[in-house]
Amino acid sequence: MPFSRLVYVSEATLAMNAEKLQTLAYRAAMKNSMLGIQGVLIYSAGNFIQCLEGSRAVIDPLYETIRVDPRHCQVKRVLSQQINTALFEDWSMGLLDVDRMAPLNRNAVRDRIRTLVNLGCSPDSDTVCVAALKEFRKQ
């Protein structure tokens with residue numbers, strides 16, 4: 001069955017510490033598990049990147065809810081595509097807290113994040129976005 005992948009970037013409106021991020025990811029994992037959604041939430045220096053994978057019929061309304069969540073602003077979709085294989089099929093909601101990574105890894109991941117934040121949603125950006133997600137998956 002074909003799935004959809006949606007990736008967005010946004011700016012946090014509140015300071016996020018490790019405890020708040022863990023709580024956010026845990027709640028998302030519970031909800032996503034019930035909805036049949038998988039993905040990852042990435043946080044770095046006040047920016048979020050989230051990848052959602054699953055049925056488009058579930059992802060689109062979920063994204064609209066996320067888009068108006070007051071915990072972030074400047075929400076921008078950078079990828080929306082049909083997929084045959086999920087990158088995060090075993091994660092109801094993974095969490096990558098870049099601010100707490102080792103400096104060498106953190107700088108490389110932040111470079112990828114800056115690239116994603118500057119992307120628009122276009123066919124040319126799809127390859128860059130998927131490559132970044134694969135790198136994030138390895139962390």
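Analyst: Let's take helix H2, whose buried residues are Ile59, Leu62, Tyr63 and Ile66. Viewed down the axis of H2, these buried residues fall within an arc of 105°, so they line one face of the helix. Here buried means under 20% relative accessible area, exposed means over 50%, and partly exposed lies in between (1.4 Å probe, protein chains only). The arc is taken from the directions that run from the helix axis to the C-beta atoms. This is a predicted model, in which local features need pLDDT of at least 70 and side-chain atom pairs count only at pLDDT 80 or more, while totals for chains, interfaces and linings use all residues. Residues are numbered from 1 along each chain as its sequence is written, and side-chain values use heavy atoms, with hydrogens and water left out.

H2 covers residues 56-67, twelve residues in total, and reaches 16 Å from its first C-alpha to its last, close to the 16 Å expected at 1.5 Å a residue. That expected span is 1.5 Å times one less than the number of residues. Helices (H or I, at least four residues) and strands (E, at least two) are DSSP runs, numbered from the N terminus.

What lies over the buried residues of H2? The cover includes strand E1 (3-12), helix H1 (18-35), strand E3 (47-54) and strand E4 (72-83).

Glu53 is buried, with a relative accessible area of 0%. Leaving aside neighbours within four places in sequence, Glu53 is in contact (heavy atoms within 4.5 Å) with several residues, including Ile59, Gly36 and Arg5. The side chains of Glu53 and Arg5 are joined by a polar contact of 2.7 Å. A polar contact is a pair of N or O atoms within 3.5 Å; within protein, one must be able to donate a hydrogen and the other to accept it, and residues adjacent in sequence count only if both atoms are side-chain atoms.

Helix H1 has buried residues too: Leu21, Leu24, Ala25, Ala28, Ala29 and Asn32. Seen down the axis of H1, they fall within an arc of 140°, so they line one face of that helix. H2 is among the elements that cover them, along with E3. The face of H1 turned away from its buried side carries exposed residues, among them Glu19, Tyr26 and Met34. After H1 comes Gly36, with a positive phi near 75°.
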